[in-house]
Amino acid sequence: VTIAVPKETASGETRVAMVPKVADKLAKLNVDLKIAKGAGEGSRIPDESFKEPVQITDNTDDVFGADVVLAVNAPDAQAIGKMKKGAVLISFVQAHNNPDTVKALNDAGVTSFAMELVPRITRAQSMDALSSQASAAGYKAALMAANSLERFLPMLTTAAGTIRPAKVLVIGAGVAGLQAIATSKRLGAKVFAYDVRTDTKEQVESLGADFLMAEGVKAEAEGGYARELTDEEKKKQQQMLEKNMADADAVITTAAVPGKPAPKIISKAMVDAMKPGSVLIDLGASGGGNCELTQPDEVVTHGSVTIYGPSNVPALLAEHASEMYAQNLFNFLQLIVVEEEGQDDAKPADKTRKLEINWDDEILAKSALTHDGETVNEAAKKALE
Ligand code: NAD
C-alpha cells in the first residue's frame, strides 16, 4: 500500500498531516510512505527529520498517485484529478463549503473520508480530529485573550497593592470552550461559561468556572451537539449575556452548530456594553463569526473593545496540532490498512498489508463522503443539492 502526504496549499495553513514520530509507526506497518518535499516546513519539520524508509519526493504526480492520500485540507480540484480511481483521501473537507472539491472527488472516483464526519463515539475517540484541533484552538484563544489585554489575569497581592483577577467569559463549552476555560483558569482568571446545552454545567464547574444559565433555553440535539435557537430563545440568551459581558474583561466565543453557519450571538449593542479595553476572541470566525462585528482574520477595534476573528487557530500551534492530527490519521488508517490473510505465523514486522474498506464499520460508513463517483454522506448530499 502506498500512502502519501502532500504539502498543504491553503493560505495560512501551517499544519501537515504527518510528523516523523507517526511516520515511523506507519513505516513499521510495511507501507510505502511518501512525503512531499517541504510539506513539514510550516510545522518546523525539516524533510531530513523523516527517516528511511520514508521517502521525500518533489514529484506531485507521485504524491497524488498513491493508494491513500493524507492531508489536513482537501487538495484542490487539479490535484484531486491526479488521484487514481478507487484511491482514498483522508482529510478535512467541509463539503457544504466546498462543492468543487466534492465534484472533483466524484469525477476522479476517489473514496474520501472527511475527518469532520468521524462519529463522536467512544471507539473513534482516538481518531477525533475535530476534538484534537478544537483543543489546540481553545488553548490558544485563552492565550490570545491574555496577551491582548492590558491587564493581569491572576489576582496579585503586591507591595504596590492588590490586583483583582480578570473575568473571562467563555461562550460555548464544547471541546474548544472547555480548553479555553481550563487555560484561563490556569492563568488565574475568574471564569464564567455559558452553553445552550445545560448538560455542560457539570463539566464547566469541574474546571472551577461558574456556569451561567439563560432561563428557559435548553437546546441539546442529537449526538451531543446543539440545535439552532428560536428567535424567542435567542432574545433570552442575549439579555442574560449582555449583562455578563458588561462585567467581563475578555470574552471567548466558540459556539457552533454542525453544518450551519456560526450562531450570531453577540450584537453590536452587546459589544457597546463591554468595558473599555476589553477583548473578544471569536473562534466562530471561520463559520461567519459569533459576533456580528467579527471580520475573519482581522482585528476590529470597536470603541475601545478589540475583536479578534482568527479563522485557523490550530495553525498557530502547528507543531502540536500537526502531531495530534497525524496521530488521529494513524488511528483511522488502522481501519482500512489491514493485514493480509494467512500471516498468522509471521512476525509483526514482516506482515504485509492491504487496503480494505469494511463498509459495515460504523466509523468508516459515517465518515465516508464520496465513493465510486457518488456523494455517500446524506447531509453533505443535501447541502450541495
Ligand atoms: P461544536 O464545536 O459543535 O460546538 C461548540 C459548542 O457551542 C457546543 O458545546 C454547543 O453546544 C455550543 N453552542 C451552540 N450554539 C450555541 C449558542 N447559541 N450559544 C451558546 N453555545 C452554543 O461542539 P464540540 O466541541 O465539537 O462538541 C460537541 C459535543 O460532542 C459535546 O457534547 C462533546 O462532549 C461531544 N464530544 C464527544 C466525543 C466522544 O464521545 N468521542 C468527543 C468529542 C466531543
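Leu-70 touches Ile-3, Ala-4, Val-5, Pro-6, Ala-17, Met-18, Ile-90, Leu-329 and Leu-333, leaving aside residues up to four places away in sequence, where a contact means heavy atoms within 4.5 Å. This is a predicted model, in which local features need pLDDT of at least 70 and side-chain atom pairs count only at pLDDT 80 or more, while totals for chains, interfaces and linings use all residues. Residues are numbered from 1 along each chain as its sequence is written, and side-chain values use heavy atoms, without hydrogens and water.

Leu-70 is also, with Met-18 and Ile-90, among the residues with the most contacts inside the largest nonpolar core. Such a core is a set of buried Ala, Val, Leu, Ile, Met, Phe, Trp, Tyr and Cys residues joined through side-chain atoms within 4.5 Å, buried meaning under 20% relative accessible area with a 1.4 Å probe, protein chains only.

| Nonpolar core | Size | Residues include |
|---|---|---|
| Largest | 62 residues | Met-18, Leu-70, Ile-90 |
| Second, separate | 28 residues | Ile-171, Tyr-194, Ala-248, Val-300 |

Eight strands form an open sheet of mixed pairing, in the order S3-S2-S1-S4-S5-S6-S18-S19; strands are DSSP runs (E, at least two residues), as helices are (H or I, at least four), and two strands pair if DSSP finds at least two bridges between them. Strands S3 (55–57) and S19 (374–375) stand at the edges with a single partner strand each, so one side of each is left without a neighbour in the sheet. Strand S5 (residues 88–92) runs parallel to strand S6 (residues 111–114), to which four bridges join it.

How values were computed. Buried means under 20% relative accessible area, exposed over 50%, partly exposed in between (1.4 Å probe, protein chains only).
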